[in-house]
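This report describes a strand arrangement and a helix packing. The coordinates come from a predicted model.

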Amino acid sequence: MKNYLALDLGAGSGRAIVGRIADGRIETEEILRFENTPVQLGNTIYWDFPALFNNIKKGIATAEKKGYVLNGIAVDTWGVDFGLLDSAGRLLSNPVTYRDARTAGMTEYISTEELYGATGIQTMEINTVFQLLAMKRQGDPTLAIADKLLFIPDLINYFLTGGVAANEYTIASTSQLLDARTKQWDSRIFEKLGLPLGLMGRIVFPGEVIGNYGTAKVFAVGSHDTASAIGAIPAQGDDWAFLSSGTWSLLGVTTKEPVLSDETFTNEGGIDGDILFMRNITGLWLLQQLIAEWGTTDSYDELLSAVAAVTPFQSIVDSDDPSFSNPAKMSDAIRDYCARTGQRIPQTKGEFVRCVLESLAMKYYFVMERLKKTAGRRVEKLYVVGGGGQNAMLNQFTADVLNMEVVVGLTEATAIGNIMQQAIADGVVRDWQAGHEIIRNSFNFERFQPKEHDKWRSMIERTHLRHCEGY
């Protein structure tokens with residue numbers, strides 16, 4: 001049996017997970033979990049890349065100490081962020097996080113309609129194109145002396161392999177700099193904005209070998225974590241949609257060609273030739289920030305239990321409202337939103353939690369309705385992956401409001417997709433069809449059936465939800 005190490009890095013923490021295929025099933029062991037904490041220096045918020053890379057090496061070393069002989073290593077991370085190298089291969093600065101304020105107002109400098117028509121990517125200020133534009137307009141000296149731009153997983157691969165530079169397709173697709181049709185850099189965007197095209201490297205695709213770390217191959221997988229997570233879903237047919245549920249929620253369907261008719265949706269790269277046609281939604285970020293603010297000793301389950309005692313449908317917020325992006329206090333942001341939209345202001349922890357969960361489920365409804373219309377797709381089942389899938393209350397709310405079956409069971413879908421791609425690339429598994437059969441045999445899937453759709457439907461029709469209808 002061959003062992004593959006998935007290095008799955010989120011915007012708050014990272015995991016090193018070893019996986020292998022045995023007796024038609026995938027076996028995994030988490031061997032290391034570590035924090036990934038942004039650091040503010042002056043007015044800029046950075047990722048601590050040296051600490052992150054040190055934990056990457058610690059994860060590899062821990063696997064080896066536990067007796068695993070690693071045949072492959074692959075990295076996946078969040079999207080859009082990057083590091084710049086000079087001509088000698090030195091990192092010029094710690095990467096700046098997508099939550100930094102430097103990109104404010106940058107969308108004004110190019111037609112978003114034109115940009116979407118080329119890239120198929122939902123215009124958001126956090127996107128790489130606007131990070132680069134901000135650096136150019138603000139005279140950032142590192143941009144002038146940079147030789148290479150590598151997205152976070154590419155940057156890790158560069159230092160693991162001793163200097164092999166490449167831009168993996170799925171992570172590159174998040175930048176809003178890639179032509180959605182050709183899957184190559186769009187030189188017209190660079191020229192129009194005066195950005196240096198020479199920074200960008202060759203595009204590699206999931207399944208390619210980038211280089212080696214010791215005797216282990218370093219594979220390109222769906223290095224955007226969403227691509228690996230959705231790739232792991234063992235669905236059949238085309239009457240299903242996906243929801244990647246975590247800090248961000250990503251609701252969409254897979255297609256073979258980009259859909260360029262609605263700028264509120266994005267066409268990001270997937271595995272096995274797929275396009276992920278989806279909407280980026282601010283997800284459990286609101287709840288995460290509330291819990292951090294409260295510093296509560298209440299467990300997550302205790303907070304959810306408190307929701308049961310709260311009257312439903314008192315307050316609904318739009319999680320994508322700019323006021324929720326990075327407020328000083330999330331509770332104050334929610335109170336202010338409810339006050340200006342004429343709704344009851346939450347008072348207790350249970351009321352705040354119910355507000356967030358009901359709001360997310362309602363958001364999913366509006367986005368799903370638009371998704372089905374735009375993609376011309378009939379959807380009868382929703383697969384939920386990611387840590388948010390452990391929230392049974394949100395799963396039930398989602399099944400109720402959508403009036404469809406919700407299937408969960410792949411909490412670590414990103415790592416599963418990462419490991420399976422390595423196994424396929426290494427010839428251990430025939431292809432993704434065989435890989436999905438292995439995944440179906442390896443996990444127990446829980447199914448949530450709609451119970452109270454009529455109550456949710458009544459809520460949708462209430463007048464105080466008019467502020468949400470722009471979804």
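## Sheet and helix packing

Strand S18, which covers residues 405–410, runs antiparallel to S19, and 3 bridges join the two. Within this pairing, Val407 stands opposite Arg447 in S19.

The pair belongs to an open sheet of 7 strands with mixed pairing, in the order S15-S16-S14-S13-S17-S18-S19. Its edges are strand S15 (266–269) and strand S19 (446–448), each of which pairs on one side only. From one strand to the next, the twist averages 30 degrees.

A second feature is a helix pair. Two packed helices are described by the angle between their axes and the distance between the axes. Helix H11 packs against helix H12 at an angle of about 70 degrees, and their axes are 12 Å apart. Angles of 65 to 115 degrees count as roughly perpendicular, and H11 and H12 are therefore roughly perpendicular to each other. Their crossing is left-handed.

| Helix | Residue range | Contact residues |
|---|---|---|
| H11 | residues 330–340 | Ser331, Ile334 and Arg335 |
| H12 | residues 349–375 | Phe352, Cys355 and Val356 |

By class, the residues of the contact of H11 with H12 divide into 4 nonpolar, 1 polar and 1 charged.

Conventions
Residues are numbered from 1 along each chain as its sequence is written. This is a predicted model: local features need pLDDT of at least 70, side-chain atom pairs count only at pLDDT 80 or more; totals for chains, interfaces and linings use all residues. Side-chain values use heavy atoms; hydrogens and water are left out. Two strands pair if DSSP finds at least two bridges between them. Helices (H or I, at least four residues) and strands (E, at least two) are DSSP runs, numbered from the N terminus. Axes are lines fitted to C-alpha atoms, for helices over the stretch in contact, and angles run from 0 to 180 degrees between N-to-C directions. Angles under 35 degrees count as roughly parallel, over 145 as roughly antiparallel, 65 to 115 as roughly perpendicular and the rest as oblique. A crossing is left-handed if the near helix is turned anticlockwise from the far one by less than a right angle, and right-handed if clockwise. Contact means heavy atoms within 4.5 Å. Ala, Val, Leu, Ile, Met, Phe, Trp, Tyr, Cys and Pro count as nonpolar, Asp, Glu, Lys and Arg as charged, and the others, Gly among them, as polar.
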